[in-house]
Amino acid sequence: MTRKTVLWLSIIACSAGYPGGAAHASDLPAALNCEFKSGSTGAYDNGKFTFKAATPLQFSLTAIDLGGQSAEMKMPGAENGGKLAIARGVGANHFLEVVTEGYWNITTVYDLDDDTKRFPAVHSRHFGLVGQ
């Protein structure tokens, strides 16, 4: 049986919900609107990785509670959001979601970029396709 694992990785910036937001990852606003326009999708199959361009992705990180290390992820048009845990780091916060079958979605948000006034971020999804 061939095992196939897929990884989605996109890199762009999350923007704060208001101008003049927090400057450091330790001071994030209560919500961030994230838009990932570029990245790649990789698959491992038959002993090798193959890659293709990812489709754009948008979501919001809401109810951000750094002290309580929790937040929610909301997709456009979705009524309910997924629950996230937050692992805090120096200059970054990692938003962690465990999804169906125990796979992970991870969004890391770094300190505000002074030039763009946006929070650089990396989003990756680590999952396998059921039945493969």
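Guide: Lys74 has a relative accessible area of 30%, so Lys74 is called partly exposed. Buried means under 20% relative accessible area, exposed over 50%, and partly exposed in between (1.4 Å probe, protein chains only). This is a predicted model, in which local features need pLDDT of at least 70 and side-chain atom pairs count only at pLDDT 80 or more, while totals for chains, interfaces and linings use all residues. Residues are numbered from 1 along each chain as its sequence is written, and side-chain values use heavy atoms, with hydrogens and water left out.

Visitor: Why is Glu72 called buried?

Guide: The relative accessible area of Glu72 is 18%. Buried requires a value under 20%, so Glu72 is buried. Glu72 belongs to strand β6, residues 70-74; strands (E, at least two residues) are DSSP runs, numbered from the N terminus.

Visitor: What is Glu72 in contact with, leaving aside its neighbours within four places in sequence?

Guide: Contact means heavy atoms within 4.5 Å. On that basis Glu72 touches Ser60, Leu61, Thr62, Ala63, Gly82, Lys83 and Leu84.

Visitor: What makes Glu72 and Lys74 a salt bridge?

Guide: A salt bridge is a side-chain nitrogen of Lys or Arg within 4 Å of a carboxyl oxygen of Asp or Glu. The closest N and O atoms of Glu72 and Lys74 are 3.9 Å apart, so the pair meets the definition.

Visitor: What joins Glu72 and Lys83?

Guide: Glu72 and Lys83 also form a salt bridge, with the closest N and O atoms 2.9 Å apart. This pair links distant parts of the chain, with Glu72 in strand β6 and Lys83 in strand β7 (residues 82-89), eleven residues apart. Lys83 counts as exposed, because its relative accessible area is 61%. Through salt bridges that share partners, Glu72, Lys74 and Lys83 belong to one network.

Visitor: How many salt bridges does a search of the whole structure find?

Guide: The search finds three. One of them is between the side chains of Glu35 and Lys37, at 4.0 Å from N to O. Glu35 is partly exposed, because its relative accessibility is 29%. Lys37 is at 54%, so Lys37 counts as exposed.

Visitor: Why is the pair of Phe49 and Phe51 called stacked?

Guide: The ring centres of Phe49 and Phe51 are 6.1 Å apart and the planes are at 15 degrees, so this pair is stacked. Phe49 and Phe51 are both exposed.

Visitor: Which residues form a nonpolar patch on the surface?

Guide: Tyr44, Phe49 and Phe51 form the patch, with about 360 Å² of accessible area together. Patch residues have over 30% relative accessible area and no salt bridge; like charges are joined within 9 Å, nonpolar side chains (Val, Leu, Ile, Met, Phe, Trp, Tyr) within 5 Å. Tyr44 is at 33% relative accessibility, so Tyr44 counts as partly exposed. Tyr44 lies in strand β3, residues 39-45.

Methods. Helix = DSSP H or I, 4+ residues; strand = E, 2+ residues; numbered from the N terminus. Areas by Shrake-Rupley, 256 points an atom, 1.4 Å probe, with all protein chains shown as cover. Phe/Tyr/Trp six-rings, centres within 6.5 Å; stacked < 30°, edge-to-face > 60°.
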